[in-house]
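Please keep the sequence and the model open while reading.

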Amino acid sequence: MAEQHSERYVKVRLNSLYTKEPIPFDLYVLINQKQIHYLRAGDMLSKEKLERFENKAPESFFVRLEDRPAFKKYVRDKLNSAVLDPHEKAVMLRESSLTLIEELFESPAIDQALQESKEVIQQFVDLMEAEPDAMADLVGLSSHDFYTYTHSLDVGIYSLGLANVMSYTREQLIEMGQGALFHDIGKRQVSVDIITKDGPLNDLEWAQMQKHPEYGLAILIDHKASEAIKACSFEHHESSAGNGYPQQLQAKEIHPMAKIVALTDTFDALTTQRSYNKPMKPSAALEFMRTKLAGRYDTDLLRAMYEVLFRMDDRLKQTS
Ligand SMILES: [Fe+2]
Ligand SMILES: [Fe+2]
């Protein structure tokens, strides 16, 4: 094991690597804050090798920055090949996207983030087209996690599922997915202490948090994002009842894609574990939105969301 000092690395999640074929790039593992060489390109990342870790194999490995294109090509090839079944493809796509999205959210290069997010969303749309059943897998894999990047990916996946049920075209689906991925991009400008606060926010903190749609709009205007993508950020806390923020828009004034994000964003928040509240089950969350939050969400979309989730239930019944 040779130590590496001067190189830069990107994270790749273990579940985005296939253990039954050779890995075409070197892998590194993080030990004491250093990337240590772990696997030579062309070798297998076999289950036996992974079992040799003292405790448990790490969730993520690293590849050299210069191998990032090779990693992306590897994922693309696997998604297009017949070696993986739809469920394995869904896992690989979700896991490989998570690290990319984590990077995008930290990167100051928004133009590049918008471009790369488009490639990610295209892969999701491709998978949905090629394997109609994979959406159920993707929805089922939702981590119900509160980190902005996992939340954003989950909102992206639910939004794609909804837009698909609403018969959006391929181009619209791609815009939908990007808009959903970037809906909370304005949170970059909100202090980390508020974002990660372990409990309800006070009035001042809440006022600061409620600025994120405007911050998001400003960022996206600077980087010439499309109207729909900007609307997903600026209007995703509007409500069809006219009591949302920041503009208190009426139902017909809210962009259709922002209405989708408003619904999937709330759904994800209600079903997510936070230290101060218990997550709701998907069916309970939808019922809560339909009754206690009546009027806020488009009723056609709420019905469509049942369809996105019930399809998953049908499949779970078939496989159990
Ligand atoms: Fe938000
Ligand atoms: Fe959100």
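## Domains and overall form

The C-alpha centres of domain 1 and domain 2 lie 31 Å apart, the bounds of both being taken from an automatic or database domain assignment. Domain 1 covers residues 1–67, and domain 2 covers residues 84–319. Six residues of domain 1 and seven residues of domain 2 form the contact, where two residues are in contact if their C-beta atoms, placed from the backbone, lie within 7 Å. On the side of domain 1 that touches domain 2 there are two nonpolar, two polar and two charged residues; for this count, Ala, Val, Leu, Ile, Met, Phe, Trp, Tyr, Cys and Pro are nonpolar, Asp, Glu, Lys and Arg are charged, and the others, Gly among them, are polar.

This is a predicted model, in which local features need pLDDT of at least 70 and side-chain atom pairs count only at pLDDT 80 or more, while totals for chains, interfaces and linings use all residues. Residues are numbered from 1 along each chain as its sequence is written, and chains are lettered from A and ligands numbered from 1 in the order in which they are written.

The chain has 14 helices and four strands, these being DSSP runs numbered from the N terminus (helices H or I, at least four residues; strands E, at least two). Its radius of gyration, 20 Å, is close to the 20 Å that the globule rule gives for 320 residues, so the chain is as compact as a globular protein of that length; the radius is taken over C-alpha atoms, and the rule is 2.2 Å times the number of residues to the power 0.38. The C-alpha trace spans about 60 × 45 × 40 Å along its principal axes. Of the 320 residues, 36% are buried, that is, they have 20 or more other C-beta atoms within 10 Å of their own, whereas exposed residues have 12 or fewer and partly exposed ones fall in between, with C-beta atoms placed from the backbone.

## Helix α3

Helix α3 (residues 86–106) has 21 residues and reaches 30 Å from its first C-alpha to its last, close to the 30 Å expected, a span calculated as 1.5 Å times one less than the number of residues. Its buried residues, including M92, L93, L98 and I101, pack against β1 (9–13), α2 (68–80), α4 (110–130), α5 (134–140), α6 (148–165) and α7 (170–181).

Strands β2 and β3 pair in the antiparallel sense over five bridges, pairing being assigned if DSSP finds at least two bridges between two strands. L27 has L39 of β3 as its bridge partner. Two residues lie between the strands of this hairpin, where N32 takes a positive phi near 50 degrees.

Most residues other than glycine have a negative phi, and most peptide bonds are trans.

| Residue | Phi |
|---|---|
| Q33 | about 65 degrees |
| Q248 | about 50 degrees |

Q33 lies in the loop between β2 (27–31) and β3 (34–39) and is exposed, with 5 other C-beta atoms within 10 Å. Q248 is found in the loop between α11 and α12, and counts as exposed with 12 C-beta neighbours inside 10 Å. P246 lies in the loop between α11 (227–234) and α12 (256–270), and a cis peptide bond with omega of about 5 degrees joins Y245 to P246.

H255 is also placed in the loop between α11 and α12, but counts as buried, with 21 C-beta neighbours inside 10 Å. Not counting residues up to four places away in sequence, H255 touches A228, A231 and E235; H255 and A231 are 24 residues apart in sequence and 6.3 Å apart in space, C-alpha to C-alpha.
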